[in-house]
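Visitor: Could you show me how to read a protein fold, one feature at a time?

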Amino acid sequence: MLKLRIERVGAIVPPSAQTLDSRFEVWRDGEGGVLAYAESLGDEYWMHLPGLASYRFSSRGDEIAATVTSAAREELVLDAYRRKVLPMALQVCGREVLHASAIRTPAGIAALCADSATGKSTIAFGLSSRGYPLWADDLVAFEISDHLGLAISLPFSIRLRPSAAALFDQDSTGPLITASDENAPPGKETAPLAAIFVLRRAEPDDSLVAVRRFSLGESFAAVLAHAWSFGLHDPERKRRMIHNYLDLVAGTPVFDVCFQPGLTNLPMILDAIEQEMPDGAPRV
């Protein structure tokens, strides 16, 4: 599955912002600047990260080619490949990807979906300290097998903010914690996707933490909101994506986890999630 090959060149000349037309999918930061943009040319897909690299892949291929300048730092190219490009490449190849961290339970994988800066990495790391091994950070890939979600392993490192790293006695000056074999190929291991927890921060007057199981209709909307997608211009791929997520929530319990932020509340958040944690033998 989709190994990375790096091609170094003298310079990369990306299209200017004025030439970005409807062919391009554009991701912007809070100030409107371009973080990345993508385009599809037949069966060939490109993701351009300004100032770093252009990545090329195909829905039929087994590799991602990164065109980088001679001055680009390889660790930054690899990090962008794992965190930004690989999920999109997997999605165009027919898998699905959630914006989530995850841990392993006796029944399979429990995914923790959330918007950025909500605390999903901190909560996943906290659960790992209670005996649930880490499975993923920031993205969880899966496919549907016999109408059930099957999580696909990806190489990753977990990122903790300095305050969270200090709480767990990690080096607070180095928030990147190696948590898996980063050289392992994607898809080396699979496991049932046994539960999904959708994390969100509470309003000031709400309880410290509240967990409830979503209805089927609520589950679909809540999980789909955290789906990665290269683009929804292909009607057939859009149809398959919708069916895959319908199958996922039909066979996997989805929980709403609403909590007050703050590291002092973390033990109560972990307790509440652990009470709903799937147990028993993995599904077959």
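**Strands, then a helix**

Guide: Tyr37 has His48 in S4 as its bridge partner. This is a predicted model, where local features need pLDDT of at least 70, side-chain atom pairs count only at pLDDT 80 or more, and totals for chains, interfaces and linings use all residues. Residues are numbered from 1 along each chain as its sequence is written, and side-chain values use heavy atoms, leaving out hydrogens and water.

Visitor: How many bridges join strand S3 to strand S4?

Guide: Strands pair if DSSP finds at least two bridges between them. Here five bridges join S3 (residues 34-41) to S4 (residues 44-49), and the two run antiparallel.

Visitor: What is the order of the strands in the open sheet?

Guide: The six strands follow the order S1-S6-S5-S4-S3-S2, with mixed pairing. At the edges, S1 (3-9) and S2 (24-28) each pair on one side only.

Visitor: Now a helix, please. Which residues of H5 are buried?

Guide: Buried means under 20% relative accessible area, and exposed over 50%, with a 1.4 Å probe and protein chains only. In H5, the buried residues are Arg237, Met241, Asn244, Tyr245, Leu248 and Val249.

Visitor: Why do the buried residues line one face of H5?

Guide: An α-helix has 3.6 residues a turn, so residues three or four places apart point the same way. Down the axis of H5, the buried residues fall within an arc of 125° (taken from the directions from the helix axis to the C-beta atoms), so they line one face. On the face turned away from that buried side, H5 carries the exposed Pro235 and Ala250.

Methods
Helices (H or I, at least four residues) and strands (E, at least two) are DSSP runs, numbered from the N terminus.
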